[in-house]
Amino acid sequence: MIYLISPESKQYKANLHSHSTISDGKKTPQEIKEMYKKNGYSILAITDHEVPRNHSYLTDEDFIMITGYETYIRNNKDCIYDIYDKEVHINLFARDPENEAVVCYNPRCCKYLPEEEKEKLKKVGSQKPREFTVEYINEYIRTAKENGYIVAFNHPWWSMADEADSLAYEGFFSMEMCNYGSYLISHLEYNAALYDKMLLKGKRIFCHSADDNHNSRPADALNFDSFGAFTMIMPKEFTYDSIFEAMENGEMYSSMGPLFKEVYMEGNKIHIECSDVERIMVFTGSKKPKSQFANVGETINCADFEIDDRAKFVRVSIVDKYGRFADTRGFFRDELEF
């Protein structure tokens, strides 16, 4: 028996993408921490644009802050936002919470800090102008990893990312399955199709979801951008190092609401237990996933499937009555031994 999600693993709710008043968010780091803790979260990364900050002063015995920031590479040398042009956004998460290094610093991108603060930033890697090419983006990812970060691919639909380019990027540890802020804009930022194409290409990439909240609207607004998508992380211990290790090893899953309780493989059979949902699916790289539906007006919370010998990978997806998804990462055959 091989557990994909063990019932013995404690799950901690995390938002790995948020913005504060340090860049373009409307709430302070302290306010964001308090609102997420109040709503059942245990882990938060404040990922302000081009400004890595160590927020561990907000960590307490029940809540851990992850150091990170968001960077972007645009299709023009001046890093100007264009609603009709493509770009790439990347979240960097620091192995050492005190790491506040800016990778491949570009003053045109770092637009939220006053000049005196920009001068104080620790800068690593080349400071040549950023280039919107696969080669440069892969170089950027390598530089970030060499300087103590793991890097995630953010909201590819909103970024108008070319599929060919997305499949050519190397070194992302995970991709945002759902970026809730972008999902509110279009309902298209649920990226399972792109994720499965990455898995079919053999990419060992994980998936997670996050709010990307800026909190510019009130909590009772339909387009309030907090608490809509999250990641459940399963560390061995509730410490920064253990949480980072769990993220790096894919011991986490993506959700917009439903929860997994237990998923295991035994031989070529998979068993799934979860919160009440209307549909349980297992994707294997074929045209047709394995599926079990609830009867109309009812729900299900477990399913069993047989995985055929031609399966390229195994990935479980569940959907609740509100149309909200939860997804495991893709597991390859050599991880499952079937």
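This report describes strands, salt bridges, cysteines and a few backbone details of one predicted model.

Residues are numbered from 1 along each chain as its sequence is written, and side-chain values use heavy atoms, with hydrogens and water left out. Because the model is predicted, local features need pLDDT of at least 70 and side-chain atom pairs count only at pLDDT 80 or more, while totals for chains, interfaces and linings use all residues.

## Strands and sheets

Helices (H or I, at least four residues) and strands (E, at least two) are DSSP runs, numbered from the N terminus. Two strands pair if DSSP finds at least two bridges between them.

Strand β1 is joined to β13 (residues 260-266) by three bridges, and the two run antiparallel. Within this pair, I2 stands opposite M265 in β13.

Other strands pair in the parallel sense. Strand β8 (residues 149-153) pairs in this way with β9 over two bridges, and A152 stands opposite S174 in β9. Five bridges join β9 to β10, and these strands also run parallel. Here the bridge partner of N179 is A210 in β10.

How much of strand β9 is buried? Six of the six residues of β9 (residues 174-179) are buried, so this strand is largely enclosed by the rest of the structure. Buried means under 20% relative accessible area, exposed over 50%, and partly exposed in between (1.4 Å probe, protein chains only).

Strand β2 (residues 12-15) has partners of both kinds. Three bridges join β2 to β11, running antiparallel, and two bridges join β2 to β3 (residues 43-46), running parallel. Residue A14 takes part in both pairings: A14 stands opposite T231 in β11, and in β3 the bridge partner of A14 is I43.

## Salt bridges

A salt bridge is a side-chain nitrogen of Lys or Arg within 4 Å of a carboxyl oxygen of Asp or Glu. The structure holds 19 salt bridges. The table gives three of them.

| Pair | N to O distance |
|---|---|
| E50 and R130 | 2.9 Å |
| E248 and R95 | 2.8 Å |
| K203 and E170 | 3.3 Å |

E50 is buried, with a relative accessible area of 1%, and R130 is buried at 6%.

E248 in helix α7 and R95 in the loop between β5 and β6 (101-103) are 153 residues apart. E248 is partly exposed at 30% relative accessibility, and R95 is partly exposed at 39%.

K203 lies in the loop between α6 (192-200) and β10, and E170 in the loop between α4 (163-168) and β9, so their pair ties together parts that are 33 residues apart in sequence. K203 is buried, with a relative accessible area of 13%, whereas E170 is partly exposed at 47%. Elsewhere, K33, K37 and D60 are linked in a network of salt bridges.

## Cysteines

How many disulfides are there? The count comes to zero, where a disulfide is a pair of cysteine sulfur atoms within 2.5 Å. For C110, the nearest cysteine sulfur is that of C109, 8.5 Å away. C110 is buried at 0% relative accessibility. For C302, the nearest cysteine sulfur is that of C274, 7.8 Å away. C302 is partly exposed, with a relative accessible area of 34%.

## Backbone angles

Most residues other than glycine have a negative phi. C79 has a positive phi, near 60 degrees. This residue, C79, is found in the loop between β4 and β5 and is buried, with a relative accessible area of 6%. F227 also has a positive phi, of about 70 degrees, although F227 is not a glycine. F227 lies in the loop between β10 (206-210) and β11 (230-233) and is partly exposed at 28%.
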